Amino acid sequence: MSSPYAVELHNVTKRYNEIVAVNNMNLTLNTGEIFALLGPNGSGKSTTLKMLLGLVQPTAGEISVLGLDVQKDPVAVKRQVGYVPESPEIYEFLTGIEYLDFIGDIYGMPNVEKQQRITEYLKALQLEGREGDMINSYSDGMKKKISLISAFLHKPKLLILDEPLNALDPRSARIVKNFLHELKMQGVTTILSTHVLEIAEAVCDRIGIMYQGNILALGNMNELRQKASLPSSGLEDIFLKLTGTDDLKAVVEELLR
Amino acid sequence: MNWKNVLFLLRVERKSGRLIRGVKATRYREHGIIAYWPYWLAAILGILGGLIANYLTTIIYADPTSVSGGLPPIKDSALGFFVSMPTLILLLSLVFTMFQQIQLAGLKKTSQVMYWLPVTWQEHTLASILSNLFGLPLALATGFAFGLVVFSVFNGLVVAALITTVAMFGAAFMGSATTEIIRVIQVRFVGAVYKSSGRAAIWVRLIGSLLFFLILYLIYFAIFTGTGSITFIQSIAKFQTSIWFIPYVWLGITLYYLILNSSLLLGIVFIAASASFIVGIYYLAVLLNQRFGLYEPPAIKVQTSGIYAPKAGLLGKLGFSTVEAAIIRKDIRAFTRRRELIGIFIIPIVFIIVPIFNSINISNQGAPSGINVFFEAMIFLFPSSIMAMTLGNMLIGEEGQAVWRIYASPISPKNLVKSKFAFLTFFAIIVLIVTGTIGVVFFRPSISTTIIAFLESLFLTFALGSMGLHFGFRGADFSATRRARMIRQEWSLASFVACTLAGLSIVAPLAPYIISKFASSFLPIAPLGVVELAISVVISGVIASVFTVVFYKINLGSARELLRKAET
């Protein structure tokens with residue numbers, strides 16, 4: 001399968017018994033694009049991201065990543081992808097540096113490059129001084145930083161980031177956002193899911209809004225405004241209108257009874 | 001004390017075993033009776049045990065003169081047994097609750113939830129003590145209780161059996177409360193040791209855990225081997241009255257005065273003393289939990305900060321790719337740092353202690369020295385092969401929730417199988433060298449016996465390791481439950497049965513040689529010679545190689561399947 005796109009999903013469906021997590025999804029991402037997948041809890045975002053990496057098998061449809069068929073050659077795909085899961089469970093018995101060393105080896109990085117990049121990232125994300133501690137003593141934010149470094153370390157061509165900025169301090173979050181922009185300039189494609197709509201609005205070229213396994217709307221901010229018929233609104237209003245959860249006042253009043 | 005809170009906490013604890021890989025998580029419904037199957041099983045086994053004990057005593061007591069020296073009245077024998085039960089249950093409760101605590105070491109998150117719930121330390125501590133009893137300790141107490149009551153129904157000892165049952169559960173609580181106290185002290189003490197150990201903390205923890213196992217097993221086998229469990233149980237009844245000043249035997253002494261000696265007053269005194277002691281250790285546990293329960297051990301700093309320099313590593317020179325070497329290094333660190341995995345080192349410890357203890361005991365009883373051949377075989381063949389099988393069973397599931405890292409990384413099935421198999425054979429061969437050396441020093445076998453034992457152990461290690469890994473793939477349990485098993489129970493059992501059969505078929509070619517050698521001492525046949533022995537060893541090696549290669553290839557398929565179906 002050859003594709004001009006960095007990512008291509010064609011009629012992809014994923015079912016868990018009678019539950020349809022992703023329903024007949026069609027999506028293409030251009031090389032160097034930063035794309036955000038938004039949606040309420042359980043809308044199918046994480047499942048979609050996992051399917052891109054071959055961690056979840058689609059029930060139907062085809063997925064091409066960087067011109068490769070995920071089903072046929074998953075190892076080749078994984079070699080070129082950096083992935084951060086929503087709640088990264090990492091080997092807590094390793095120290096931060098041992099974990100990153102492990103990741104570097106798994107991706108076949110030369111020692112000199114691995115050493116240089118690990119040192120740079122630890123410094124940038126302010127983990128210096130704690131890299132020799134076992135990960136089980138790290139805070140959630142520190143674990144997230146280690147997960148992000150492990151996704152960036154081997155210079156991937158595609159980044160799949162599930163809630164990448166969760167638990168990060170503002171400085172680190174800003175570094176990551178700027179870094180994603182720099183990577184975009186270098187042709188790295190990023191697909192991320194987030195509930196923080198400001199991040200999607202500020203960082204992403206295009207946004208897809210998912211609801212109950214379907215993409216309700218897809219495009220840049222202007223296109224989304226048009227679709228929602230909210231010409232001067234922000235992403236939050238658009239999101240709430242499209243996902244049918246704009247009657248919040250009634251819900252809050254019900255809770256206050 | 002809000003008893004409902006204790007009950008709620010206990011319910012949560014019992015349900016913690018639900019998250020087992022392979023159990024359908026959506027629309028989960030639990031059958032009320034099946035959920036308590038270990039205790040139902042224990043009760044059934046207890047009832048059967050009681051019936052069998054009654055049947056046997058009926059036969060034996062039908063003609064007491066057939067036993068040399070005669071028999072004491074059945075009531076006296078039975079009551080002597082009853083009196084020893086609380087102390088026996090106490091010992092078992094202590095041993096098993098401590099082992100359970102070690103298994104819990106890998107999971108602390110769920111246990112912390114109650115710290116911010118409106119639960120008092122009294123409720124939390126009581127729930128913790130009772131929940132420690134879940135599993136084997138409670139099942140044992142239940143089984144014994146049913147056994148005693150059933151036996152007593154036929155022998156007119158129902159009241160004594162009921163009093164004993166109450167005392168047994170009291171003893172189980174006593175054991176568990178003591179474990180709770182030790183746990184809290186250990187958390188505080190170990191934290192302080194780690195802090196002062198600095199970089200050596202990893203080794204302090206490994207060696208400390210191994211010493212703990214060694215001491216626990218030495219006590220366990222000193223009690224339960226040699227003279228036999230029955231003799232031990234009988235001796236408790238006599239022994240515990242002479243150490244009356246130790247509160248842990250007060251429940252046993254209570255029974256002694258109430259049901260054996262008919263001293264009601266002394267019985268009541270010891271009931272009061274026992275109850276006071278139980279309440280006392282419970283409140284000590286509460287106090288310690290209040291003081292140290294929220295204590296977080298300091299972070300273990302394995303490396304000092306400075307310029308990071310990757311190591312070239314020996315594994316690369318041995319022909320492993322960087323991916324495989326990385327997985328092996330990671331697993332070595334897991335098995336030397338995760339306390340719930342360090343438990344695997346029990347295997348060589350047990351298989352060093354058991355043959356040596358048994359050999360000493362049997363030799364003391366005048367058994368011929370030839371019997372030592374069995375113990376030599378045990379110390380050579382068992383530890384490394386069981387280690388290989390067990391590691392194979394655990395090595396996939398031990399990845400736990402972090403297994404996504406394996407799924408998401410460019411790791412091929414070949415990388416995964418090769419690294420896991422290399423790790424388990426590497427560890428098992430080290431065990432073989434250690435246990436074999438101890439066997440040679442202790443039993444002093446001939447050179448030919450040593451060589452054959454070593455070769456056969458190697459054959460078993462490779463074959464059972466490969467088979468064990470197959471079952472590890474098929475039954476991998478990645479869930480982070482409070483009593484993580486790494487492999488589902490049904491697959492663990494299947495692995496044990498299959499590996500036992502495979503092991504027997506590997507050593508089977510040696511059977512003619514061994515039989516002819518033993519038979520030649522009392523039958524007019526010549527033992528088989530060295531050539532026949534060499535041929536047997538070669539055949540054995542060929543069988544082991546077939547098992548190893550076939551299962552290695554199956555494992556490649558299993559790894560491919562595992563990586564492909566990551567979601568399940």
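In the predicted model, 34 residues of chain B are in contact with 37 residues of chain A, two residues being in contact if their C-beta atoms, placed from the backbone, lie within 7 Å. By class, the side of chain B that touches chain A has 18 nonpolar, 8 polar and 8 charged residues. Ala, Val, Leu, Ile, Met, Phe, Trp, Tyr, Cys and Pro count here as nonpolar, Asp, Glu, Lys and Arg as charged, and the others, Gly among them, as polar.

This is a predicted model, in which local features need pLDDT of at least 70 and side-chain atom pairs count only at pLDDT 80 or more, while totals for chains, interfaces and linings use all residues. Residues are numbered from 1 along each chain as its sequence is written, and chains are lettered from A and ligands numbered from 1 in the order in which they are written.

Chain A is assigned domain 1 (7-80 + 157-256) and domain 2 (88-155), with bounds that come from an automatic or database domain assignment. The C-alpha centres of these two domains of chain A lie 26 Å apart. Between them, 11 residues of domain 1 are in contact with 9 residues of domain 2. On the domain 1 side, β7 (158-162) and α6 (170-185) of chain A are the elements that give two or more residues. The largest share of this side, 3 residues, comes from α6(A). Its residues divide into 7 nonpolar, 2 polar and 2 charged.

Strand β7(A) also belongs to an open sheet of 6 strands in chain A, with the order β6-β7-β8-β3-β9-β10 and mixed pairing. Two strands pair if DSSP finds at least two bridges between them. Because β6 (81-84) and β10 (214-219) of chain A stand at the edges with a single partner strand each, one side of each is left without a neighbour in the sheet. Neighbouring strands are turned by 15° against each other on average, direction ignored. β6(A) and β7(A) pair in the parallel sense over 4 bridges, and A:V81 stands opposite A:L158 in β7(A). Helix α5 (residues 140-152) of chain A packs on the sheet, where α5 touches β6 and β7 of chain A, and its direction makes about 170° with that of β6(A). Axes are lines fitted to C-alpha atoms, for helices over the stretch in contact, and angles run from 0 to 180 degrees between N-to-C directions.
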